[in-house]
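Student: I'd like a close look at one part of this model, the disulfide bonding and the helix that takes part in it. Could you walk me through that, and tell me how far the prediction can be trusted there?

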Amino acid sequence: MRLASKSLLAAGLSATLLLTGAGPVAAQYIWKDSQGQVHASDLPPPREVPDKDLLKRPSASGRQTPAPPTVMTAPSSAASSSNLLTKPPTDPELEARRKLAETEARARARADDERLAAQRAENCRRARQQLASLDSGQRLVRHDDKGERMVVDDTVRAEEAQAARRVIASDCR
C-alpha cells in the first residue's frame, strides 16, 4: 500500500507541476510578409518587414497584446482630408537592431570615403610627380610592346602633361 500511495503522490505532484509550470505556448510576434502570408514566431520578424505589417508584438509586461489599431480622424477641411495614423510603440529589440544597422551603414560609408580620399591623394601625388618629370626638360624614354626604347617627343610630352594636369585638377583638392 505504501508503494502505491507514494507512486500516486509522485504522479499527482508531477502532473500539478506540469500544469502550472507550462502555460499555453503562443507566438509573441505575428506579421505579414511581402506576399501577404501571415507568420507567427517568438522571434522578431526580419528587418525587411515594415512596422505596418507587424500585427502583434509582445508587451513589456510579458503578456501579449495585439498591435495598436490605427486611428483615423474625420477630415476637417479639404487641406487636411488625409487620414492620420498613430505611430505604434516600437519594440526595444527592433529599435536596437535598427540603430545598429544605421551605425554600421554610417561606419561603412565613412570607411569608403576614407579609402576614396586615400586613393585620390595617391593619384594626386603620382600626377604631380609625373608632371614634374615631364616639365623638367630631361629626355624621357619609353619601351614599346617589343621592349625597344622610344624617345618621348614634344607632342607626346604635351599630351601626357595635359592628362597629368587634369588628374591634378580633379584629385588634388
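Tutor: Happy to. With sulfur atoms within 2.5 Å as the cut-off, this predicted model has a count of one disulfide. The partners are Cys124 and Cys172, and their sulfur atoms sit 1.6 Å apart. The torsion about their S-S bond is about 115°, so this disulfide is right-handed. Cys124 belongs to helix α2, which covers residues 92–135, while Cys172 is in the segment after α3 (154–171), so the bond ties together parts of the chain that are 48 residues apart in sequence. As for solvent, both Cys124 and Cys172 are buried.

Now to the helix itself. Helix α2 has 44 residues, and at 1.5 Å a residue it should span 64 Å; the C-alpha atoms at its ends are 64 Å apart, which agrees with that expectation. Besides Cys124, the buried residues of α2 are Leu94, Ala127, Leu131 and Leu134. These buried residues pack against two elements, strand β3 (54–58) and helix α3. After α2 comes Gly137, which has a positive phi, near 90°.

The chain average is 78, and 67% of the residues score at least 70. Among the elements of the chain, α2 has the highest mean pLDDT, 92, whereas strand β4 (residues 64–66) has the lowest, 50. Over residues 78–83 the pLDDT is below 50, and this stretch has four contacts in the model beyond near neighbours in sequence.

Leaving aside residues up to four places away in sequence, His39 touches Tyr29, Ile30, Trp31 and Asp33. With Asp33 there is also a side-chain polar contact of 2.9 Å. Leu55 is 16 residues from His39 in sequence, and their C-alpha atoms are 9.6 Å apart in space.

To come back to your request: the right-handed disulfide joins Cys124 and Cys172, and Cys124 lies in α2, the element with the highest mean pLDDT in the chain.

Terms used
Residues are numbered from 1 along each chain as its sequence is written. This is a predicted model: local features need pLDDT of at least 70, side-chain atom pairs count only at pLDDT 80 or more; totals for chains, interfaces and linings use all residues. Side-chain values use heavy atoms; hydrogens and water are left out. Contact means heavy atoms within 4.5 Å. A polar contact is a pair of N or O atoms within 3.5 Å; within protein, one must be able to donate a hydrogen and the other to accept it, and residues adjacent in sequence count only if both atoms are side-chain atoms. Helices (H or I, at least four residues) and strands (E, at least two) are DSSP runs, numbered from the N terminus. Buried means under 20% relative accessible area, exposed over 50%, partly exposed in between (1.4 Å probe, protein chains only). The expected span of a helix is 1.5 Å times one less than its number of residues. pLDDT is the predictor's confidence in each residue, from 0 to 100.
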